[in-house]
Amino acid sequence: MESVLASAKEALDMDIAIVTEFVDGRLVFRAVSGDASSFGFEEGESIPLEHSYCKRVMEGSLPGVIADAANQEIVRDLEMTREAAIGAYAGFPLVLSDGRPYGTLCCLSHSSDPWLAERDLELMAKLAQELVRRLEDEE
């Protein structure tokens, strides 16, 4: 899993890449590549799912790519944007082969990224498929 996260982080030139898991109304940071503490969280910790970008990406109410969180109306007033100092975000749902939502693969940066675009979700989709395969192999 670490190599997939490192690939995502490097390819999108982001500060961190994370695999999240939805557990009992919480978002658990299951695996992290990069300095998550600079965003205010650590691997294994969790936050209320309601406060997360990931929940919104999974339900389709948030685009998978946000190049400038501080200036994008849909997220600029979210507590997570301010507290974690999110500049750019890319997220893709992790859905198990039986259709159950697992969580997300997401990359975050403190800086905005004007080059981050929907095309980057193609890479995220491929990496998400690999992560789902690995997660299911663990079960």
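**Close-up 1. Arg133 and Glu130 within helix α5.** Because Arg133 and Glu130 lie three residues apart in helix α5, which spans residues 120-138, about one helical turn separates them. In this predicted model, their side chains meet in a salt bridge with an N to O distance of 2.5 Å. Arg133 is partly exposed at a relative accessible area of 42%, and Glu130 also counts as partly exposed, with 24% relative accessibility. Salt bridges with shared partners link Glu130, Arg133, Arg134 and Asp137 into one network.

**Close-up 2. The salt bridge between Arg119 and Asp120.** Side chains of opposite charge can pair when their charged atoms come close. Here Arg119 forms a salt bridge with Asp120, and the closest N and O atoms are 2.9 Å apart. Arg119 is exposed, with a relative accessible area of 52%, whereas Asp120 counts as buried because its relative accessibility is 12%, and buried means under 20%.

**Close-up 3. Lys55 and Glu59 in helix α2.** The side chains of Lys55 and Glu59 meet in a salt bridge, at 3.0 Å from N to O. These residues are four apart in helix α2, which covers residues 53-59, so about one helical turn lies between Lys55 and Glu59. A search of the whole structure finds nine salt bridges.

**Close-up 4. A patch of negative charge on the surface.** Glu2, Glu10, Asp13, Asp15, Asp35, Glu42, Glu43 and Glu45 gather in this patch of negative charge. Asp35, one of these residues, is found in the loop between β2 (26-34) and β3 (46-48), and Asp35 is partly exposed, with a relative accessible area of 43%.

Conventions. Residues are numbered from 1 along each chain as its sequence is written. This is a predicted model: local features need pLDDT of at least 70, side-chain atom pairs count only at pLDDT 80 or more; totals for chains, interfaces and linings use all residues. Side-chain values use heavy atoms; hydrogens and water are left out. Patches are made of residues with over 30% relative accessible area and no salt bridge: like charges are joined within 9 Å, nonpolar side chains (Val, Leu, Ile, Met, Phe, Trp, Tyr) within 5 Å. Accessible areas come from the Shrake-Rupley method with a 1.4 Å probe; for residues, only the protein chains shown count as cover. A salt bridge is a side-chain nitrogen of Lys or Arg within 4 Å of a carboxyl oxygen of Asp or Glu. Lys and Arg count as positive and Asp and Glu as negative; His and the chain ends are not counted. The place of a charge is taken as NZ of Lys, CZ of Arg, CG of Asp or CD of Glu. Helices (H or I, at least four residues) and strands (E, at least two) are DSSP runs, numbered from the N terminus. Buried means under 20% relative accessible area, exposed over 50%, partly exposed in between (1.4 Å probe, protein chains only).
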